[in-house]
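Biologist: I have a new model open and would like to read it piece by piece. Shall we begin?

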Amino acid sequence: MKHKLWLSPKFIGEGIAAFFFQLHRILLYSFYALLCSLPVLTAGGAYLALFGQIRRIAEEEKTSSRDYFAAFRRYAAGGIPYGLALAVLILGLSVPAPGGIWGFFQVIGCFLLFTALIFYPPVYVAGYRGGGAFARAVGYAASHAGETMVILGLAVILLFAALLLSEVLLVLFYPLVFFVTARAVVANNKEEFMVEETSYEKTA
């Protein structure tokens, strides 16, 4: 069985080190995202910009507050559908599920939307736009089932921990989920590059 880069102890260790070394920046950008979400309609752009900066940290690139606000300006208008989808998810989770088939559809719908919302930012930041971006996000999640289950499991653990211990833990929800997602995307991109490089060397 082929060894997956995202499961490599070295890759995981580098990710943990990068997260804690840049934790002050991650929390600062999270605060910016919260402030930029106050007009509500700009929430989507605010969190897309947050993912963009966390992705750069996950790739061990330099980033700054100026970079965050530049990304927010780029994504503010295009991020409105993402913000609306977030609002729909929050509404779906806050309304008690009815019994029977409709309750089943509500749970499945929230699960699929939650999955799409986690993988939409890397798809959007990569340059894909329009309604197809959500479909691509779901497709990416399905084609990388192992990473998807780990990320969804982490998200559920954080939510339960916040409910049982302290709501303050919700501050870490997006930063941590986004960082793990970004590291998984980085690993997949590196693997694809290595496969392409190997194929090129064989044909050269």
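Biologist: Which helix gives the largest share of the nonpolar patch?
Modeller: This is a predicted model, in which local features need pLDDT of at least 70, side-chain atom pairs count only at pLDDT 80 or more, and totals for chains, interfaces and linings use all residues. Residues are numbered from 1 along each chain as its sequence is written, and side-chain values use heavy atoms, without hydrogens and water. Helices are DSSP runs of H or I, at least four residues, numbered from the N terminus. With 7 residues, spanning the stretch 100-125, the leading contributor is helix α6.

Biologist: How much accessible area does the nonpolar patch have together?
Modeller: A nonpolar patch joins side chains of Val, Leu, Ile, Met, Phe, Trp or Tyr within 5 Å, each with over 30% relative accessible area and no salt bridge. Here the members are Ile101, Trp102, Phe104, Phe105, Ile108, Phe111, Leu112 and Met149. Areas come from the Shrake-Rupley method with a 1.4 Å probe, and only the protein chains shown count as cover for residues. The total on the surface is about 880 Å².

Biologist: Take Leu112. What is its relative accessibility?
Modeller: Leu112 sits in helix α6. Buried means under 20% relative accessible area, exposed over 50%, and partly exposed in between. Leu112 counts as partly exposed, because its value is 46%.

Biologist: Is Pro175 buried or exposed?
Modeller: Pro175 belongs to helix α9. Its relative accessibility is 1%, so Pro175 is buried.

Biologist: How far apart in space are Pro175 and Ser143, C-alpha to C-alpha?
Modeller: In sequence, Pro175 and Ser143 are 32 residues apart. In space, C-alpha to C-alpha, the gap is 23 Å.

Biologist: What is the phi of Val40?
Modeller: Most residues other than glycine have a negative phi. Val40 sits in the loop between α2 and α3. At 61% relative accessibility, Val40 is exposed. Its phi is positive, although Val40 is not a glycine: about 70°.

Biologist: Where is Glu60 placed?
Modeller: Glu60 also has a positive phi, near 60°, and is not a glycine. Its relative accessibility of 55% makes Glu60 exposed. Its place is the loop between α3 and α4.

Biologist: How many salt bridges does the whole structure hold?
Modeller: A salt bridge is a side-chain nitrogen of Lys or Arg within 4 Å of a carboxyl oxygen of Asp or Glu. A search of the whole structure gives a count of 3.

Biologist: Which residue forms a salt bridge with Glu59?
Modeller: Glu59 is partly exposed at 31% relative accessibility. The closest N and O atoms are 3.0 Å apart, and the partner of Glu59 is Arg55.

Biologist: Which residues are linked with Arg56 in a network of salt bridges?
Modeller: Arg56 is partly exposed, with a relative accessible area of 25%. Another joins Arg56 to Asp67, at 3.5 Å. The residues in the network with Arg56 are Glu61 and Asp67.

Biologist: How many residues apart in sequence are the parts tied together by Asp67 and Arg56?
Modeller: Asp67 and Arg56 form a salt bridge. Asp67 lies in helix α4 and Arg56 in helix α3, so the pair ties together parts whose separation in sequence is 11 residues.

Conventions. Patch = residues over 30% accessible without salt bridge, like charges linked within 9 Å, V, L, I, M, F, W, Y side chains within 5 Å. Helix = DSSP H or I, 4+ residues; strand = E, 2+ residues; numbered from the N terminus. Buried < 20%, exposed > 50% of the residue type's maximum accessible area, 1.4 Å probe, protein only.
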